[in-house]
Amino acid sequence: MPVIGTPWHSGPGDAFFQPHSRSSRLKANELLPGDLAFQADEHFRALAADVAPANHLEKILVKQVARHAAALDVAHASEVTILETGGLRATLVDPRVVPADNAQRIGAMTSPALLPLGAYQARHERGLYGAVRQLKHLQEAQPTVAIPVLFATEKECVEYLRSWQQRQPWTCLECGSTARCFLTGRDFFECACGKQSSIRFSTIYAGSHMPLQVWFGVICHVMCDRSICGSELANKLKVDRTTTIKQMMAKVGDALASPQADQRLAGVNQLLLSSLHKALIQQTNS
Ligand SMILES: [Zn+2]
């Protein structure tokens with residue numbers, strides 16, 4: 001299984017994900033102990049047996065819950081170690097000044113490592129509750145939830161992808177520069193050395209001539225409705241070639257199952273999640 005933070009290659013036309021980028025460093029930090037992924041898998045198996053996710057979207061949310069639960073397990077184990085180590089520091093305190101019991105407690109509780117651990121724990125607790133809440137809303141509203149259209153026009157899709165690219169770290173494959181400019185009204189950005197790259201660079205849309213609106217539509221349907229077949233979806237998206245839609249569905253499915261889903265789909269999966277979440281809250285309040 002590929003590990004978050006390592007280079008990946010998602011198919012012809014795509015460039016290697018830059019291994020030294022800011023986002024890959026953050027993702028590597030996120031992993032902390034090596035067995036976090038293993039623990040998340042264990043949680044996922046147990047949760048999936050309980051919850052029985054009905055589609056990709058629910059599966060993604062169950063995966064998020066599992067990942068946060070695994071992080072909280074790790075945080076708990078770290079806390080025990082930190083408190084023990086802090087307690088050991090207490091042996092340096094003069095027992096004539098502070099009684100041994102108190103010194104041990106004070107040493108443990110004042111350990112400087114507890115502060116970042118607390119922040120890590122709080123972040124994953126928020127993430128866990130957020131994912132459980134979204135999953136609950138989604139399961140309650142499942143029969144009535146409409147599959148959203150994220151963008152009304154191709155131009156809006158292009159704008160979205162362009163602004164997503166602008167937020168990504170980037171290194172020119174020709175000259176190594178990290179500065180680039182986005183050409184107004186064009187789907188390219190350009191390095192000072194003249195090298196041009198498509199705004200589809202490093203995503204599953206790279207090398208495809210299919211409009212982004214169709215790609216985003218495929219993502220929404222694959223995530224929300226697992227039972228939809230290629231010809232049905234081709235009809236809905238008004239695309240003649242069913243084979244192409246089937247290939248796109250397979251590519252989206254692969255990307256969704258990979259740890260780099262956010263990168264490969266340019267965050268469209270997360271956009272759909274928050275859009276559904278908003279729709280569900282509105283539905284509950286009305
Ligand atoms: Zn360059």
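Some housekeeping comes before the tour. Numbering starts from 1 along each chain, following the sequence as written. Since this is a predicted model, local features need pLDDT of at least 70 and side-chain atom pairs count only at pLDDT 80 or more, while totals for chains, interfaces and linings use all residues.

The protein chain has 11 helices and three strands, where helices (H or I, at least four residues) and strands (E, at least two) are DSSP runs numbered from the N terminus. In order, the elements read α-α-α-α-α-α-β-β-β-α-α-α-α-α. Of its 286 residues, 25% count as buried; that takes 20 or more other C-beta atoms within 10 Å of a residue's own, while 12 or fewer makes it exposed and anything in between partly exposed, with C-beta atoms placed from the backbone. Among contacts (C-beta atoms, again placed from the backbone, within 7 Å) between residues at least 6 apart in sequence, 63% join residues at least 24 apart.

Now zoom in on helix 2, residues 36–51. Its buried residues are Ala40, His43 and Phe44. Just past the end of helix 2, Ala52 takes a positive phi of about 50 degrees.

What do the buried residues of helix 2 pack against? Their partner is helix 3 (56–89). The two axes come within 8 Å and cross at roughly 130 degrees; axes are lines fitted to C-alpha atoms, for helices over the stretch in contact, and angles run from 0 to 180 degrees between N-to-C directions. Helix 2 and helix 3 are therefore oblique to each other. Residues of helix 2 that meet helix 3 include Leu36, Leu47 and Val51, and on the helix 3 side Val62, Ala66 and Val74 are among them.

Finally, look at Pro148, in the loop between helix 5 (114–141) and helix 6 (154–166). With 14 C-beta neighbours inside 10 Å, Pro148 counts as partly exposed. Leaving aside neighbours within four places in sequence, Pro148 is in contact with Cys220, Leu272, Ser275, Leu276 and Ala279. Its C-alpha atom is also separated by 9.0 Å from that of His221, 73 residues apart along the chain.

Technical notes:
The expected span of a helix is 1.5 Å times one less than its number of residues. Two residues are in contact if their C-beta atoms, placed from the backbone, lie within 7 Å. Angles under 35 degrees count as roughly parallel, over 145 as roughly antiparallel, 65 to 115 as roughly perpendicular and the rest as oblique.
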